[in-house]
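Open the model in your viewer and keep the selection panel at hand.

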Amino acid sequence: MPQLIQKHADGTSVKQWDLKGKTLVVGRGEQADAQVNDELMSRRHFEIVEKNGSYILRDLQSRNGTTINGHTIEGEKTVGSGDTICAGETMFVFADGLNTVIGQLARQNQSYSSFVRKL
């Protein structure tokens with residue numbers, strides 16, 4: 001199952017949120033689904049939505065912006081497994097769970113065993 005994971009600077013996990021089948025709004029305000037204690041984040045900073053089997057990050061016109069892998073985004077951008085998202089002083093990682101990988105392989109008419117053999 002895909003997840004958004006909040007990380008410490010040393011890489012250890014702080015919190016995680018499941019993304020399957022829902023929109024996740026991230027920010028410091030009470031209206032956010034994922035509330036983060038970071039004064040440099042907007043109350044509703046960004047959201048991640050599922051769209052046609054992919055996950056899209058939308059910056060919600062935050063004051064300090066959102067980056068994916070060090071690149072500031074405007075509007076929306078597709079996120080993939082392992083992408084690093086920064087908002088305010090907080091770092092997140094998008095993790096594409098095993099079930100999602102198997103689902104993507106099925107949509108491409110590939111089996112998991114053939115994928116493992118390629119590794």
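Select Q6. This residue counts as buried because its relative accessibility is 11%, and buried means under 20% relative accessible area, with a 1.4 Å probe and protein chains only. The model is predicted: local features need pLDDT of at least 70, side-chain atom pairs count only at pLDDT 80 or more, and totals for chains, interfaces and linings use all residues. Residues are numbered from 1 along each chain as its sequence is written, and side-chain values use heavy atoms, with hydrogens and water left out.

Now show the strand around Q6: β1, residues 3-7. Strands are DSSP runs of E, at least two residues; helices are runs of H or I, at least four; both are numbered from the N terminus.

Next, select the contacts of Q6, meaning heavy atoms within 4.5 Å. Leaving out residues up to four places away in sequence, Q6 touches T12, S13, V14, K15, W17, V36, T90, M91 and F92.

Which residues touch the most other members of the largest nonpolar core? Select L4, V26, F46, I48, L57, I85 and F92, out of 19 residues. Such a core is a set of buried Ala, Val, Leu, Ile, Met, Phe, Trp, Tyr and Cys residues joined through side-chain atoms within 4.5 Å. Colour β3 (24-27), β5 (46-51), β6 (54-59), β10 (84-87) and β11 (90-95): each gives two or more residues to this core.

Finally, show the whole chain. It has 2 helices and 11 strands. Of its 119 residues, 39% count as buried.

Notes:
Buried means under 20% relative accessible area, exposed over 50%, partly exposed in between (1.4 Å probe, protein chains only).
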